[in-house]
Amino acid sequence: MSNDVLVIGGGIAGIQAALDLAEMGIQVHMVEKLPSIGGKMAQLDKTFPTNDCAI
Amino acid sequence: MLDVGRHPRINLLAYSEVQEVGGEVGAFKIKVLKKARFVNQDLCTGCGSCAEKCPSMVVDAYNVGLGQRKAIYKYFPQGIPSVFTIDAPNCRQLGQGKKCGVCAKVCQAKAIDYEQKDQEIEIEAGAIILATGYEVFDPSVIPEYGYDRIANVVTAMEFERLLSASGPTAGHLDRPSDIAMEHELEELEKEHKKVSRQVKQLEEKCGKTSQEAAEMLKACATIEGIDLQAWSDMAAKAGQMEKRIAELKQKVASFRTAKKLAFIQCVGSRDFRFNRFCSSYCCMHSVKEAMIANEHDSEVRSTVFCMDLRAVGRNFEEYKVRGGKQSNIEYIRGRVAEITEDEAHNPVVWYESTTNRQVVHEVFDMVVLATACIPSEGTPKLAGLLNVELDQNGFFKTHPLAPLNTSRPGVFVCGCAQGPMDIPESVAQASSAAARAAEAVSVRKVVG
């Protein structure tokens, strides 16, 4: 039996889910296929609707 | 991103893939393959001196093929974990069997490890969250838009990289055809320098000009140890190159950044040939990109071609109207039939304006395709490993009344892995999925 959670994917959704769980005191394992997390959002220049920097 | 890397309760396994999933809710057993980076993650400081000296250039996937990176690289500068990775197939030492070892020589932290092996890690988890995201549709399968033929027709993701200050053009809207020509000029100048140096060496060695050598060749005369034919060919080649360089230089001098942009909506989505569904976020990202382009350069004018602009969220309509009023954006209701190219590499957009009931064509500097959001490449494989169902569009299937539950208990899904959605919705779903997963692991904790 385990109380850990596995998050597959390190894009904006995976990052948010992992941080929420970790803040709740739950141990998280995050698996990302690419060498860095960030996903598609890290490729965007600015994001809608505030036109703020994506990174 | 940084918080994930630093959090004591997050075990980050980047450059890794799930290989096997067994067990059930409360006790999943997962095998993960941690791929070899050939760099010791604990020693690497991320300083980048290895990449500076690495001799192999590779097309950069982060910049969607618009730039180049080295064979030892960081996926992007702010990437977490902040360590370098060797792209083995493109590395001289690891992939091509040549003697190199430059990165190991320059690394002060002694982090390079050519012997590193893939590692299999076993994880136990009570719940699983799928956040595998999406892929951008490849528009080259739509022949009428000419994405693979016309250099200045780009995807929205490519346009994002061109707009970005950290991108290949440092945020200037240089057109891909112009970049390619500048690159050609650069390469030609390098080659010309090499050839003319060889010609000059021959001239100095023999004490004759290339013209005299050509005349000697005509008269069937010879110089001992010198191939006059090769000399004369080389001199002719250098002459041709000079002409082409002058031509290119003139063209390059006339280049300016793109001022007139066309955005084409529903590329590969809401199209019965490809994907029937609406990708939901593209309407707003096209308006956003047009606004940012205008922020960079107030002379930029954009036209958005759409069936209907779906500004459905709170304040989205106001954002669209603001774009029209303040950022020189015009919205045209009409599906683009074809894109052709004129002599100056300008894309020509042919469309039917439904408001004027006319077929019109218009020349633009650049066309941006709002490409569909499709399931990420590994989705079917992962679905097989996890034994979860996919929906008719290939995304992870969920129940309308339990939008985060997959068909397997204890496996939740959030973000674009479930279907196209924008960033705020992905974030909201992620928090919900986290709550559902927390429930799955802690309720059991209280009960049993």
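**View 1. The surroundings of B:Val300 in this predicted model.** Leaving aside residues up to four places away in sequence, B:Val300 touches B:Ala258, B:Lys259, B:Leu261, B:Ala293, B:Asn294, B:Ser327 and B:Asn328, where contact means heavy atoms within 4.5 Å. B:Val300 sits in the loop between α8 (282-296) and β13 (301-306) of chain B, the helices (H or I, at least four residues) and strands (E, at least two) being DSSP runs numbered from the N terminus. B:Val300 counts as buried because its relative accessibility is 1%, buried meaning under 20% relative accessible area, exposed over 50% and partly exposed in between (1.4 Å probe, protein chains only).

**View 2. The largest nonpolar core.** This core has 28 residues, and those with the most contacts inside it are A:Val5, A:Val7, A:Leu21, A:Met30, B:Val4 and B:Ile129; a nonpolar core is a set of buried Ala, Val, Leu, Ile, Met, Phe, Trp, Tyr and Cys residues joined through side-chain atoms within 4.5 Å. The largest share of the core, seven residues, comes from α1(A).

**View 3. The hairpin of β16(B) and β17(B).** Strands β16 (347-353) and β17 (358-363) of chain B pair in the antiparallel sense over six bridges, pairing requiring at least two DSSP bridges. B:Ser353 stands opposite B:Gln358 in β17(B), and among the four residues between the strands, B:Arg357 takes a positive phi near 55°.

Residues are numbered from 1 along each chain as its sequence is written, while chains are lettered from A and ligands numbered from 1 in the order in which they are written. Local features need pLDDT of at least 70, side-chain atom pairs count only at pLDDT 80 or more, and totals for chains, interfaces and linings use all residues, while side-chain values use heavy atoms, with hydrogens and water left out.
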